[in-house]
Number of protein chains: 2
Amino acid sequence: MNAILSPSRPKPSEATISDLTTELSRRFGDRVSTSAAIREQHGHTLTWVKNQPPDIVFYARTTEEVSEIVKLCAEKRVPIVPFGTGTSLEGHINAPDGGVCIDLSLMKRIIAVHEEDLDCVVEAGVTRKELNEHLRDKGLFFPIDPGADASIGGMVATRASGTNAVRYGTMKDVVLSLTVVLPTGEIVKTSSRARKSSAGYDLTRLMIGSEGTLGIVTEITLKLNGIPEAISAGICPFPTVKAACDAVILTIQSGIPMARIELLDEVQVKAVNLHSKLDLPESPLLLLEFHGSEAGVQEQAERFGEIAAEFTDKPFVWATKPEERSRLWQARHDAYWAARGLRPGAQSVATDVCVPISRLAECVAETKRDILESGMIAPIVGHVGDGNFHVQPLVNADDPAEVAACEAFVDRLVKRAVAMEGTCTGEHGVGQKKMKYLEIEHGADALNLMRVLKRAMDPHNIMNPGKIVAL
Amino acid sequence: MNAILSPSRPKPSEATISDLTTELSRRFGDRVSTSAAIREQHGHTLTWVKNQPPDIVFYARTTEEVSEIVKLCAEKRVPIVPFGTGTSLEGHINAPDGGVCIDLSLMKRIIAVHEEDLDCVVEAGVTRKELNEHLRDKGLFFPIDPGADASIGGMVATRASGTNAVRYGTMKDVVLSLTVVLPTGEIVKTSSRARKSSAGYDLTRLMIGSEGTLGIVTEITLKLNGIPEAISAGICPFPTVKAACDAVILTIQSGIPMARIELLDEVQVKAVNLHSKLDLPESPLLLLEFHGSEAGVQEQAERFGEIAAEFTDKPFVWATKPEERSRLWQARHDAYWAARGLRPGAQSVATDVCVPISRLAECVAETKRDILESGMIAPIVGHVGDGNFHVQPLVNADDPAEVAACEAFVDRLVKRAVAMEGTCTGEHGVGQKKMKYLEIEHGADALNLMRVLKRAMDPHNIMNPGKIVAL
């Protein structure tokens with residue numbers, strides 16, 4: 001491969017942006033905005049990553065419109081940043097070089113639900129909750145659940161997963177096909193609706209996780225699942241995070257088809273209790289969910305109970321009523337906002353890593369020790385069935401020493417995970433903040449291969465520049 | 001994207017090959033062969049695809065050796081064709097431009113089995129049966145089963161699947177990471193051992209299904225599964241293939257976690273009876289397998305029985321003893337050779353397509369009618385839980401009219417599947433014979449994107465040229 005490539009696009013001039021604004025406004029009227037508030041809202045807003053707004057925000061309604069804008073921007077060498085709901089966590093939607101943000105939130109059509117094939121076709125702006133609302137009466141559901149009510153397009157972009165991934169996989173496993181606007185403005189469909197194919201390169205998975213740097217996903221064909229006949233959930237407290245992780249390891253190894261197996265450390269439990277007005281025991285907890293037939297769920301729960309008893313003598317509480325389950329999972333999903341409540345006014349840092357499950361207990365325990373030694377408030381939650389966990393330090397963003405200490409902590413966390421044969425991010429994605437870790441994780445040659453692909457598909461570096469592999 | 005690219009490599013001269021042979025022989029001794037028999041054995045041998053042998057066969061022992069040879073070939077612009085067991089079906093291993101075949105069958109180390117993580121690391125030449133033999137005592141198994149005892153490297157290359165895919169996925173779902181020698185000779189690792197990651201472009205899945213055209217896979221990290229506590233198998237006869245397919249559709253929709261659900265049409269059953277000395281009822285059959293706990297398997301089987309009863313009044317026979325199950329599945333796996341017995345001396349054509357399951361009954365029924373009208377002998381077997389089926393016409397390869405009629409039949413089959421939103425190949429891959437269908441299936445722009453990727457990674461077009469996207 002060639003050595004690292006240099007940028008081939010100068011930052012667009014004020015005149016270019018001004019001309020483009022005039023042209024777009026003439027064509028699309030009030031679906032084009034340059035107001036400061038709208039622009040800022042389309043940069044990163046959720047965590048400590050600095051907000052970098054685009055120059056122009058355009059609300060697209062169709063794939064053809066996206067194609068049209070991309071062609072225009074390609075001609076003028078203007079950067080493009082696709083936007084779904086803005087819930088990404090690592091600076092994915094920032095516009096360090098300005099340019100046009102293409103907001104896809106108006107693209108909300110559910111184009112087809114093929115009940116017989118257990119699949120559906122949706123536009124990129126449909127959110128996961130909107131989709132599930134639409135599907136409920138058909139007895140189907142879309143299982144990927146990253147917590148936030150993200151858009152399906154955004155979830156494709158970041159290769160999202162979440163609480164159900166241990167059973168149902170991640171976005172890479174549930175997407176059958178994508179409609180993508182390439183950096184040239186060409187519209188391609190990456191695959192057919194067949195369940196499997198060996199017909200050429202896997203363009204679908206090349207796009208999944210590419211964070212808008214190789215093209216803009218406008219339509220998605222998704223696998224669906226039947227709503228399970230029976231669902232039951234439970235909470236199990238453990239004396240230490242290590243004991244909880246050891247129980248998870250044995251559960252996964254024993255082949256119990258867990259639907260969800262989530263860890264909350266005692267700091268996170270405290271935050272959740274405060275935020276969601278619950279009275280969960282303030283020790284490390286596993287939140288569990290089982291899907292299957294009535295008999296199957298019962299059997300799974302009993303088996304898990306036997307395993308858990310080896311690692312804890314605390315009571316094991318079951319919630320079979322839908323409203324109890326909902327309350328429990330809502331509490332889990334509120335973890336991010338609950339954590340922020342532990343230090344009002346502080347900025348939240350949301351980071352994640354993932355390790356082979358045999359190293360999970362060790363990795364979490366070392367990280368807890370590191371948090372303690374650093375004197376930080378940093379709750380831990382995790383999709384531990386996959387070896388994936390999140391740490392959420394709360395920092396005073398105005399205190400450079402605290403920020404530096406947190407940066408150093410994240411650095412140690414990532415290097416710890418990578419040293420254990422893990423990854424710098426299990427599901428949040430690279431965005432801006434994890435770019436520096438790609439070489440540590442993949443090595444220079446593999447990272448360079450990513451650059452070769454980016455350069456081949458986007459030679460003018462207009463698609464979400466400054467993310468994943470900055471050219 | 002640029003328009004279709006033209007070849008950038010002339011066919012190597014006799015002098016180049018002669019020099020290369022000398023150089024390789026000096027370095028590697030008798031692991032380099034130019035004997036006609038060895039060369040022919042390394043071209044396509046299994047079906048009607050014409051044998052095109054390489055100029056040189058090299059038996060590699062290590063990733064570093066593969067890298068060394070690739071560098072040498074890159075410098076001299078000599079084509080390279082990777083070889084596992086030679087069981088691919090569409091001409092994948094032919095060498096239309098000659099060059100060096102790198103045979104990986106000596107790379108048989110099982111480098112690690114991580115029982116706690118349910119994964120293992122193997123060299124590319126390990127076959128699936130060898131791996132399962134190694135794993136058996138540990139209570140683990142590798143589920144992907146394409147019938148032939150293919151090498152794991154070859155299975156990665158073709159994105160193989162087979163009988164267990166309906167439950168356990170295809171190669172794209174079970175590979176965690178790959179070691180790949182790129183067309184430059186650089187060695188990269190595509191991912192970590194973490195169960196999931198959002199750390200950059202999915203190089204793993206870019207390589208899976210690339211059939212050696214983007215690099216050579218030398219090591220594979222694979223997910224494993226625990227051997228199920230209980231397995232039971234069964235046979236269910238149906239009056240028509242349509243009735244059998246309709247039963248499959250309802251079974252999949254009802255969410256029964258089938259491990260295997262295979263269709264044999266009455267022609268194939270006859271062939272199997274003759275070949276494997278069985279007395280299966282000579283009507284369309286479903287062969288089934290259920291994995292789970294004792295109670296779970298029982299429950300699945302009962303539910304399937306209820307569904308099947310809606311579509312057939314024939315008896316439903318169970319095989320719970322391991323030796324009965326083995327005999328049944330051996331018969332299924334012998335389908336290819338059994339079919340050849342229906343017309344001794346004829347050449348076998350092995351082809352496959354895959355459609356959304358709602359179109360399966362219709363697609364198979366139309367194909368049966370087409371076979372009848374064409375006057376061919378062409379048994380059908382299928383991994384019908386995925387909507388994937390195989391047709392195996394038996395033709396006199398010396399009769400141009402028969403060959404032309406068969407080509408026309410395959411053409412209709414592919415177009416029928418693509419028109420039903422399916423794919424030209426569910427699992428065999430593109431090789432040489434399905435290349436002409438990629439544009440029909442994907443469209444010119446998506447195919448051109450594949451060419452852009454190929455050109456970026458292999459600018460001199462040395463990696464398995466003339467396959468998938470001939471530059």
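The questions and answers below treat one chain as a whole, then the contact between chains, and then single elements and residues.

Biologist: What kind of model is this, and how are its residues and chains labelled?

Modeller: It is a predicted model, in which local features need pLDDT of at least 70, side-chain atom pairs count only at pLDDT 80 or more, and totals for chains, interfaces and linings use all residues. Residues are numbered from 1 along each chain as its sequence is written, while chains are lettered from A and ligands numbered from 1 in the order in which they are written.

Biologist: How many helices and strands has chain A?

Modeller: Both kinds of element are DSSP runs numbered from the N terminus: helices are H or I with at least four residues, and strands are E with at least two. By that rule, chain A has 17 helices and 20 strands.

Biologist: What radius of gyration has chain A, beside that of a compact globule?

Modeller: The C-alpha atoms of chain A fill a box of roughly 70 × 55 × 45 Å along the principal axes. The radius of gyration is taken over C-alpha atoms, and the globule rule is 2.2 Å times the number of residues to the power 0.38. For 471 residues a compact globule would have a value near 23 Å, and chain A agrees with this at 22 Å.

Biologist: What percentage of the residues of chain A count as buried?

Modeller: A residue is buried if 20 or more other C-beta atoms, placed from the backbone, lie within 10 Å of its own, exposed if 12 or fewer, and partly exposed in between. Of the 471 residues of chain A, the buried part is 59%.

Biologist: Which element of chain B gives the most to the side that touches chain A?

Modeller: Two residues are in contact if their C-beta atoms, placed from the backbone, lie within 7 Å. The contact takes 75 residues from chain B and 75 residues from chain A. Elements that give two or more residues to the side of chain B include α9 (241–253) and α11 (294–308). The element that gives the most, with eight residues, is α17(B).

Biologist: Why do the buried residues of α12(B) line one face of the helix?

Modeller: The buried residues of α12(B) are L328(B), A331(B) and R332(B). Seen down the axis, and taking the directions from the helix axis to the C-beta atoms, these buried residues line one face because they fall within an arc of 105°.

Biologist: Which exposed residues does the face of α12(B) turned away from its buried side carry?

Modeller: What covers the buried residues of this helix includes β13 (260–264) and β14 (285–292) of chain B. The face turned away from them carries P322(B), E323(B), S326(B) and Q330(B).

Biologist: How many bridges join β12(B) to β14(B)?

Modeller: Two strands pair if DSSP finds at least two bridges between them. β13(B) and β14(B) pair in the antiparallel sense over five bridges, and L264(B) has L285(B) as its bridge partner. β12(B) also runs antiparallel to β14(B), and A230(B) stands opposite G292(B). The bridges that join β12(B) to β14(B) number eight.

Biologist: Which residue of β19(A) is the bridge partner of D352(A)?

Modeller: In β17(A), T351(A) and V353(A) on one side and D352(A) and C354(A) on the other are all buried. β17(A) pairs with β19 (residues 388–391) of chain A in the antiparallel sense over four bridges. The bridge partner of D352(A) is H390(A).

Biologist: What is the phi of R159(B), and is this residue buried or exposed?

Modeller: Most residues other than glycine have a negative phi, and most peptide bonds are trans. R159(B) lies in the loop between α5 (152–158) and α6 (165–168) of chain B. With 30 C-beta neighbours inside 10 Å, R159(B) counts as buried, and its phi, a positive value in a residue other than glycine, is near 55°.
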